[in-house]
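Okay everyone, thanks for coming. Let me put the structure up, and then I'll walk you through a few parts of it.

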Amino acid sequence: MGNDSAPPRPPSTSKGNGQRSASALDALEQRILGKGCEPKLLGDAKRRFVESQLLCDGHLSFILVQAALDGQPLPETRRRLQALLADALGRARGPFMRGGTDVVLGHALPRSILYRGYVLLMLAGIERAGLQDAATTALFDALAAQVVAALEHQLLLPSFSTSIWPCDSAPAAAALLLHGRLRDHAPSEAAAERLIARLVELSALPSGFPTQVDAKGRVVERTQRATTLAWTGAFLAMAAHPAADSFTTPLVRDYCARPAGALLPLAACREWPRGVKRQEDSASGPLVFGGYSMGASALAIAATRLSGTHRAWHSHLVNAAREMGINDLLSRPGKRPLEAALYGWGTTIRPW
C-alpha cells in the first residue's frame, strides 16, 4: 500500500472521449427525465430502492456541475440543471411524502432530511457553478433556513416517515456548509458543524457508526456497515470537511480489501464487519463472493477519490468495477440510469 498518497489518473480530456461522454450524458438525461429511474437495483424487482429517482436527478446534476467547474460544460447546462431540479421538486418526492411536508416558496416539500439534503445540494451546485437565477437562489436560502430551524429542534431527522439513518444527514450537512460559504450565511454553517460533530460522535462509539437511531438519538441498529461509512465520507468530502476522514478511514481499513491479492490492482469492500454474516438489503445492493457489496464498493469509489490518504484505493475500485462489467453498463446508460449516475459521480467528484 505505500502508494496510497498517489493521486488517481485524471480523466481523459481527448476530443473523442469528450464526445462519447457528452453522448452518454445526453442518453442518461433523456432516460432520467423521461421514463425515469426504476425503484430497484440492477433491474431486479427483488432489490427495491425507492429513492432512485431522487438520486438519479441529484447525481446527474452533480456530474453536470462538476463538468462546468472543470471547464468542460455540456451545452445548455443551465437548462439541464433546471430540468433535473424541477423533477426532484416534483415526481421524485413520492417515496418521502409519508413523513409530512412543509411549503417552501410554493413547493410542498417532504420533511425527509435525505430528500431535503439532496435538493439543497442540487441548489448548491447550481450556485457554485454560477448558473443560478433569482428563483433558485431564493429557494436555496428558504430551504436552508427551514432545515436549520428543524435541526434546532432535533439534530438527527428522519429519512422516511420516522426512521432515522444518521448517514442520511450527510448530504444536508454538506449542503448547509456550502450554503454558508456561498451565501455568506453563518447560521447555515454553524448548523452544519453541529450536525457533523454529532455524526463524528456517533462514529466514535465502541461499536462504530450506527445504522439507525431513534428520535432521541439513541442507537437502534448499532452494526456499522460499509455503505453508511462510504456515503457519509463522500458527501462530507464534497464540502471539503476534514471530518470526512472519520468515515473513509474505517471504511478502507475495516471493510475494503484486494480479493485477488496484492499483485493485482483490484479492490472491493464488504458490507458487514468481519465475522458478521447478514443477507443483502436495499442499502447494500447485491452481495457477491466473500460478502463483498456492490453498493459499498460503488460508494467507496467516490469516498476514496476525495481522500488524501486512500486515493490508490479509488483506482483499484474502478479497476474492479471494469472487471465486473461496468463498461457494458455505461455503454447503455439509459438501461441502468441509477447505477450509471452513481458511477459517473464517483469518478468525477471533486470538493466544491
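**Salt bridges, helix pairs and a buried helix**

Let's start with R91: its relative accessibility is 38%, so it counts as partly exposed. Before I go on, keep in mind that what you're looking at is a predicted model. Now, what does R91 pair with? R91 makes a salt bridge with D87, and their closest N and O atoms are 2.7 Å apart.

How many salt bridges does the structure hold? There are 15. I'll pick out a couple more. R218 and D214 meet through their side chains, with 2.8 Å from N to O. R218 is at 49% relative accessibility, so we call R218 partly exposed.

Then there's E221 with R278, where the closest N and O atoms are 3.6 Å apart. E221 sits in strand β6, residues 219-221, while R278 is in the loop between β8 (268-269) and β9 (287-288), so this pair ties together parts that are 57 residues apart in sequence. As for accessibility, E221 is partly exposed at 23% relative accessible area, and R278 is partly exposed too, at 36%. There's also a network: D26, E29, E76, R79 and R80 are joined into one by salt bridges that share partners.

Have a look at α5, residues 134-153, and α7, residues 186-203: their axes come within 10 Å and cross at roughly 45°. That makes α5 oblique to α7, and the crossing is left-handed. Who's touching whom? From α5 we have A144, V148, L151 and E152, and from α7 we have P187, S188, A191, R194 and L195. Sort the residues of that contact by type and you get six nonpolar, one polar and two charged.

Helix α5 also pairs with α6. Here the axes come within 11 Å and cross at roughly 125°, so α5 and α6 are oblique to each other. This crossing is left-handed. On the α5 side you'll find F140, D141, A144, V147, V148 and L151, and they meet A175, L176, H179 and L182 of α6. That contact divides into eight nonpolar residues, one polar and one charged.

While we're on α6, which covers residues 170-182, let me point out R181, which lies in it. Is R181 buried, partly exposed or exposed? With 39% relative accessibility, R181 counts as partly exposed. If we skip its neighbours within four places in sequence, R181 is in contact with E189, A239 and A240. And R128, which is 53 residues away from R181 along the chain, has its C-alpha atom 9.9 Å from that of R181.

One more stop, and that's helix α13, residues 337-346. Why do I call α13 largely enclosed by the rest of the structure? Because 10 of its 10 residues are buried, and buried here means under 20% relative accessible area. If you want to find them on the screen, they are P337, L338, E339, A340, A341, L342, Y343, G344, W345 and G346.

Okay, that's my tour. Happy to go back to any of these spots.

Methods. Residues numbered from 1 in each chain as written. Predicted model: local features only at pLDDT ≥ 70, side-chain atom pairs only at ≥ 80, totals over all residues. Heavy atoms only, no water. Buried < 20%, exposed > 50% of the residue type's maximum accessible area, 1.4 Å probe, protein only. Helix = DSSP H or I, 4+ residues; strand = E, 2+ residues; numbered from the N terminus. Axes fitted to C-alpha atoms, helices over the stretch in contact; angles between N-to-C directions. Parallel < 35°, antiparallel > 145°, perpendicular 65-115°, else oblique. Left-handed = near helix turned anticlockwise from the far one by under 90°. Contact = heavy atoms within 4.5 Å. Nonpolar A, V, L, I, M, F, W, Y, C, P; charged D, E, K, R; others polar. Salt bridge = Lys/Arg side-chain N within 4 Å of Asp/Glu carboxyl O.
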